[in-house]
2 protein chains.
Amino acid sequence: MDMGADCHHEDGVHPGLAGPVLADALVLAERRCAATQERLTAPRRRVLELLLESDGPQKAYDLIAAFGAHGEPAKPPTVYRALEFLERLGFAHRIESLNAYVPCRLDGQGHRAAFVICECCGAAEEFEPDFATQLAAAAPSGYAVRSVTLEARGLCPACQAG
Amino acid sequence: MDMGADCHHEDGVHPGLAGPVLADALVLAERRCAATQERLTAPRRRVLELLLESDGPQKAYDLIAAFGAHGEPAKPPTVYRALEFLERLGFAHRIESLNAYVPCRLDGQGHRAAFVICECCGAAEEFEPDFATQLAAAAPSGYAVRSVTLEARGLCPACQAG
DNA sequence: AATGATGCGTTATGAGATAACATAACGAGT
DNA sequence: ACTCGTTATGTTATCTCATAACGCATCATT
Ligand SMILES: [Zn+2]
Ligand SMILES: [Zn+2]
Ligand SMILES: [Zn+2]
Ligand SMILES: [Zn+2]
């Protein structure tokens with residue numbers, strides 16, 4: 001993303017979780033895993049924690065660098081495997097046009113995710129579009145659509161004001 | 001894309017141009033460049049030709065490998081620069097979720113592009129989403145949307161039939 | 001305990017894209 | 001035709017992003 005050097009706004013509409021709020025989010029994730037016989041193992045939990053703590057979309061290698069509690073990086077497969085798991089369970093999403101990852105900010109687990117991405121400050125906000133009717137009409141010639149990647153670019157409210 | 005090994009269908013809804021049809025397309029591109037003071041230089045023209053000849057989305061390094069007339073590959077920046085130019089002028093599009101490139105299959109130059117991608121045969125069909133306004137409404141909390149990346153996955157008509 | 005399935009640690013490599021700098025081609029003005 | 005600013009290309013090196021492959025550890029089931 002080519003964010004001009006003239007952006008004076010704060011990064012991250014989502015401030016990132018910390019303290020008890022973060023702990024609660026992790027406990028909730030534990031519960032949701034337990035309910036489906038999935039295991040929130042240490043590396044998976046750690047990567048989810050890093051995503052939840054973050055202010056905005058995180059690159060895989062940022063997560064790799066931040067993985068260790070005392071500054072030691074993880075090996076790439078450790079983080080990529082965790083991300084694959086978190087995506088599969090709906091705890092995280094990959095933003096294709098950024099090569100970056102965000103924690104899910106919505107409640108539902110099997111939901112379709114879409115994003116608006118601020119070209120100024122880099123914030124990415126998740127929303128759930130009601131595709132079905134729109135896309136069925138828009139898609140051409142008999143394609144049977146099963147999933148959708150929708151990533152919109154623009155300016156967040158703060159960056160419009162500035 | 002994870003296309004199962006059980007797909008027996010032909011790749012590419014768009015068969016790829018050749019002969020006089022290809023030549024015509026390149027002449028048209030020349031004209032459109034001339035009309036806006038842009039230069040369709042040799043490497044740009046060559047990359048556009050490779051895209052137009054192709055049956056489906058092309059990876060950058062496929063284009064790099066195929067660039068030379070006698071099998072010599074191009075250097076990566078040569079092709080990436082050409083792709084940047086072709087995208088800027090609307091002659092080609094990048095499909096984010098594939099890391100691949102396609103020639104524009106629609107007429108307008110400044111149009112919004114969207115794709116349906118067959119998970120079985122890999123075909124990618126371009127269409128022009130007409131719901132910009134609806135999207136603006138669907139987007140959350142005051143974001144001003146300026147561009148949209150929309151890539152839908154599913155099955156093309158041929159692969160549904162099989 | 002033996003078995004099978006899943007997940008992790010590690011090494012190495014593959015795939016995708018760009019930075020940086022020098023040279024070459026163009027094109028407007030003289 | 002010459003000069004100069006601009007745009008594009010050639011080249012080298014490097015950077016970012018992601019996965020293959022293998023062996024070991026862990027867990028649940030028998
Ligand atoms: Zn979500
Ligand atoms: Zn912003
Ligand atoms: Zn197009
Ligand atoms: Zn198909």
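A residue is near a molecule or strand if one of its heavy atoms lies within 4 Å of it. The structure is a predicted model, in which local features need pLDDT of at least 70, side-chain atom pairs count only at pLDDT 80 or more, and totals for chains, interfaces and linings use all residues. Residues are numbered from 1 along each chain as its sequence is written, and side-chain values use heavy atoms, with hydrogens and water left out.

Q: Which residues come nearest to DNA strand D?
A: Of the 19 residues around DNA strand D, these are A:Lys59, A:Tyr61, A:Arg94, B:Thr41 and B:Arg81.

Q: What makes the approach of A:Arg94 to a phosphate oxygen of DNA strand D a polar contact?
A: A polar contact is a pair of N or O atoms within 3.5 Å; within protein, one must be able to donate a hydrogen and the other to accept it, and residues adjacent in sequence count only if both atoms are side-chain atoms. A polar side-chain atom of A:Arg94 lies 2.4 Å from the phosphate oxygen, so the pair qualifies.

Q: Why is the arrangement around the zinc ion (ligand 2) called tetrahedral?
A: Four donors (N, O and S atoms within 2.8 Å of the metal, or 3.2 Å for Na, K and Ca) count as tetrahedral if all angles lie between 85 and 135 degrees. The angles here are 105 to 115 degrees, so the arrangement is tetrahedral. The donors are the SG atoms of A:Cys118, A:Cys121, A:Cys156 and A:Cys159, at 2.3 to 2.4 Å.

Q: Why is A:Cys118 called buried?
A: Buried means under 20% relative accessible area, exposed over 50%, and partly exposed in between (1.4 Å probe, protein chains only). A:Cys118 has 0%, so this residue is buried.

Definitions and conventions:
Chains lettered and ligands numbered in written order. Tetrahedral: all angles 85-135°; square planar, octahedral: opposite > 155°, others 65-115°.
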